[in-house]
Amino acid sequence: MRLELITFGEPFQGSTPWYRIQMDNTAPSATIIVDGDEYTPGVTITVEFVARDLHFGHFGLSTLPNTITTPSNQPSTATPSNTETSLSGDAWSLNTASPINMRPCGYVIHLEVYDNTIVNSVPGHTMGTLTMPASAC
Amino acid sequence: MLKSGALKPPAVAAKIEEWKAVGLDFQAALATLEDTSGDVSYEQLDCLGLDYNREVPYWGNRLDAHVQIRPGTPGEIVPKIGAIGGVGLAYIDTAFTGMTYPGAVFGFYSTPTDPYDNTRMCAFGSLVTVQAAPYFGYKYRIWVQKANGASLQLLTDPVCVIDSGGNGSYHFPNLGGFFTYLDVSQNINSMVANA
């Protein structure tokens, strides 16, 4: 972009150089790879997820609900949260027996992926989300 | 009054008469003119210092000062952009990558542009604001184009501004896409465009 300046009488006064700005209006990709809909209570589920973007920010994995009445364990992964996964996906796991025994019920695995793009000229970033609902109780 | 070579007794006498005719005392004026130094006959230099209470009479003074003159034409108006996307231009690599430099912060918030790893560079998305200090009595317009030179276009969307009373309004361009610079009291954030 460049800015041109004129007087009220409109003689041209000059312009700035062309300033280069990199745009990114593409949301990150978020994918959870599962191998089934139902799992036996007490097992550790180990599957994969993909969190990627050209200008990657960070990702977050969570299990829902996670309340006092319906507590749940949270997924874990060896991939640092500010590092994008491989194209084919990185492993994540959910231990349904520790630290609590999760009730036989339907849970949601929620993946949020953010890029580090400055969106709307303010702090905060573009988000891509994916939820994997499980069967109801 | 007296030219070189004209100091002859008849001429001086004539001048004295002229002075008398207008009520001036020529001899007294000469005596005052000759008395150009203070009486320092009593002085003995036993130390050196500045003491205004012991100041001797003096006439005249001198003050030295260094003055630096910037290059360029006096009063020159230089087109400038201060911030893009809420980030000061000094934090953006506007020559090559078009992304923020590592360690960049937002102008308003002083928070890192990438709070999770501020060594990473950031791109821009969605609405990109442009801020610039106003030049009263001037107009501006802003062009954008793709990096390959394609799609040259003017930014003519009205600009949302806030005045010093906290009231928001939209500032519209004139013919040719030119906006009038608003005074800071009318545009406290110095917003000049939305890209």
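Me: First, what does "buried" mean here?
Reply: Buried means under 20% relative accessible area. The model is a predicted one. At 19% relative accessibility, Tyr135(B) counts as buried, because the cut-off is 20%.

Me: And is Tyr138(B) buried or exposed?
Reply: Tyr138(B) is buried, with a relative accessible area of 18%.

Me: How are the rings of Tyr135(B) and Tyr138(B) placed?
Reply: Their centres are 6.2 Å apart and their planes are at 65°, so the pair is edge-to-face. Both rings belong to a cluster linked by ring pairs, which also includes Tyr140(B), Phe179(B) and Tyr181(B).

Me: How many aromatic pairs are there over all chains?
Reply: There are 8. Another one joins Trp19(B) and Phe26(B), with ring centres 5.0 Å apart and planes at 90°, so this pair is edge-to-face. Phe26(B) is buried, at a relative accessible area of 10%.

Me: Switching topic. Which residues touch the most other members in the largest nonpolar core?
Reply: The core has 31 residues, and the ones touching the most other members are Ile81(B), Ile84(B), Tyr140(B), Ile142(B) and Tyr181(B).

Me: Which elements give two or more residues to this core?
Reply: Strand S1 of chain A does, together with strands S5, S7 and S10 of chain B. The largest share is 4 residues, from S5(B).

Me: What is Tyr140(B) in contact with, leaving aside its neighbours within four places in sequence?
Reply: Its contacts include Leu3(A), Glu4(A) and Leu5(A) in chain A. In chain B they include Phe178(B), Phe179(B), Tyr181(B) and Met191(B).

Me: What about another core, apart from that one?
Reply: There is one of 16 residues, and among them are Ile45(A), Ala51(A), Leu61(A) and Tyr107(A).

Me: Now the two chains. How many residues does the contact take from each?
Reply: It takes 35 residues from chain A and 54 residues from chain B. The two chains bury about 3800 Å² between them, with 62% of that on carbon and sulfur atoms.

Me: Which three residues supply more of the area that chain A buries than any other three?
Reply: Met1(A), Arg20(A) and Ile118(A), which supply 19% of the area chain A buries against chain B.

Me: How many salt bridges are there between chain A and chain B?
Reply: The count is 1. The side chains of Glu4(A) and Arg141(B) meet at 2.7 Å, N to O. Arg141(B) is buried at 18%, and Glu4(A) is buried at 13%.

Me: And how many over all chains?
Reply: The count comes to 4. One of them joins Arg120(B) and Asp114(B), at 2.8 Å from N to O. Arg120(B) is buried at 16% relative accessibility, and Asp114(B) is buried at 1%.

Me: Which residue forms a salt bridge with Lys15(B)?
Reply: Glu18(B), with the closest N and O atoms 3.6 Å apart. Glu18(B) and Lys15(B) are 3 residues apart in helix H1 of chain B, so about one helical turn separates them. Glu18(B) is partly exposed at 46%, and Lys15(B) is partly exposed at 22%.

Me: Last one: how many residues does helix H1 of chain B have?
Reply: H1(B) has 13 residues and reaches 18 Å from its first C-alpha to its last, close to the 18 Å expected. H1(B) is followed by Gly23(B), which has a positive phi, near 85°.

Terms used. Residues numbered from 1 in each chain as written. Chains lettered and ligands numbered in written order. Predicted model: local features only at pLDDT ≥ 70, side-chain atom pairs only at ≥ 80, totals over all residues. Heavy atoms only, no water. Expected span 1.5 Å × (residues − 1). Core = buried A, V, L, I, M, F, W, Y, C linked by side-chain atoms within 4.5 Å. Buried < 20%, exposed > 50% of the residue type's maximum accessible area, 1.4 Å probe, protein only. Contact = heavy atoms within 4.5 Å. Phe/Tyr/Trp six-rings, centres within 6.5 Å; stacked < 30°, edge-to-face > 60°. Buried area = accessible area lost by both parts, 1.4 Å probe.
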